[in-house]
Amino acid sequence: FRDQLQDSAALLHHSPDITRAQILRHASHQFVEGDVLHWWNPDTGYGLRTHFSDDLLWLPCIAAEYVASTGDGAVLDEQVRFVTAPPLNDGQQEAYLRPASAGVSASLYEHCCRALDRGFTCGVHGLPLIGCGDWNDGFSRVGQQGKGESVWLGFFIDYTLQRMLPIC
């Protein structure tokens with residue numbers, strides 16, 4: 001999820017239409033609860049639902065970057081479907097599954113808000129919880145017990161909120 005959005009952001013000044021399409025494609029792989037598929041196979045529809053802390057936050061981050069760069073605020077009104085699948089059980093770090101359409105859509109703006117709401121977590125030191133990993137995949141086991149925190153994630157949330165503020 002994150003890698004493809006990051007890659008598409010590199011095209012903002014050369015082919016913004018590709019970035020726009022990628023943002024909407026990714027939003028359509030978001031669960032009603034706000035989390036997203038860590039990755040998916042477009043041929044089969046199967047993908048991986050995880051507790052990664054940053055994947056979902058790349059959607060509002062890149063959407064805000066796109067709007068700031070292109071001035072295309074209309075993208076935020078685009079209606080995009082949600083997907084549904086059983087939530088992860090307690091202690092379960094990931095599930096390989098094929099989500100179904102949730103039968104409900106919302107604006108891209110609402111998708112971004114759900115991602116932000118889901119991404120706001122707080123550990124005992126006041127830092128965001130890392131989940132089963134954040135951008136630094138080397139830390140993938142730090143938060144498996146629901147306790148690990150991420151300084152990087154705190155900075156990333158702050159950056160994303162600063163980018164989203166003008167939109168809100």
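Two strands count as paired if DSSP finds at least two bridges between them. With that in hand, turn to strand E4, where alanine 95 is the bridge partner of arginine 49. The model shown here is predicted.

Start with the sheet. It is open and holds three strands, in the order E1-E2-E4, with antiparallel pairing. E1 and E4 are the edge strands, each pairing on one side only. On average, neighbouring strands of this sheet are turned by 20° against each other, direction ignored. Strands of a sheet pair through backbone hydrogen bonds, either parallel or antiparallel.

Now take the E1 side. Strand E1 covers residues 37-40, and three bridges join it to E2 in the antiparallel sense. Leucine 37 has arginine 49 of E2 as its bridge partner. E1 and E2 form a hairpin, with six residues between them. In the turn sits glycine 45, whose phi is positive, at about 85°.

Cross to the E4 side. Strand E4 spans residues 94-97 and pairs with E2 over four bridges, again antiparallel. Glycine 47 has leucine 97 of E4 as its bridge partner. Arginine 49 therefore has a bridge partner on each side, under the pairing terms used here: leucine 37 and alanine 95 in E4.

Look next at the side chains of E2. In a regular strand the side chains alternate between the two faces of the sheet. Strand E2 runs over residues 47-50; Gly47 and Arg49 point one way, and Leu48 and Thr50 point the other way. All of these residues are buried, which means under 20% relative accessible area.

The structure holds one cavity of 30 Å³ or more. The largest cavity has about 40 Å³ of space. Its lining is made up of Asp35, Val36, Thr50, Phe52, Asp55 and Leu56. By type, three of these lining residues are nonpolar, one is polar and two are charged.

Finally, the open space. The largest pocket has about 490 Å³ of space. It is lined by 26 residues, and the closest to its centre are Thr50, His51, Arg118, Gly131 and Cys132. The lining of the largest pocket divides into seven nonpolar, 14 polar and five charged residues. E2 supplies at least two of the lining residues, and so does helix H4 (108-119).

Thr50 links these parts of the tour. Thr50 belongs to strand E2 and is buried. Thr50 lines the largest cavity, and Thr50 is also among the residues closest to the centre of the largest pocket.

Terms used:
Residues numbered from 1 in each chain as written. Predicted model: local features only at pLDDT ≥ 70, side-chain atom pairs only at ≥ 80, totals over all residues. Heavy atoms only, no water. Buried < 20%, exposed > 50% of the residue type's maximum accessible area, 1.4 Å probe, protein only. 1 Å grid on protein atoms, 1.4 Å probe; cavity = no way out; pocket = protein on both sides within 12 Å on 5 of 7 lines; lining within 4 Å. Points joined across faces, edges and corners; volume = space filled by probe spheres on them. Nonpolar A, V, L, I, M, F, W, Y, C, P; charged D, E, K, R; others polar. Axes fitted to C-alpha atoms, helices over the stretch in contact; angles between N-to-C directions.
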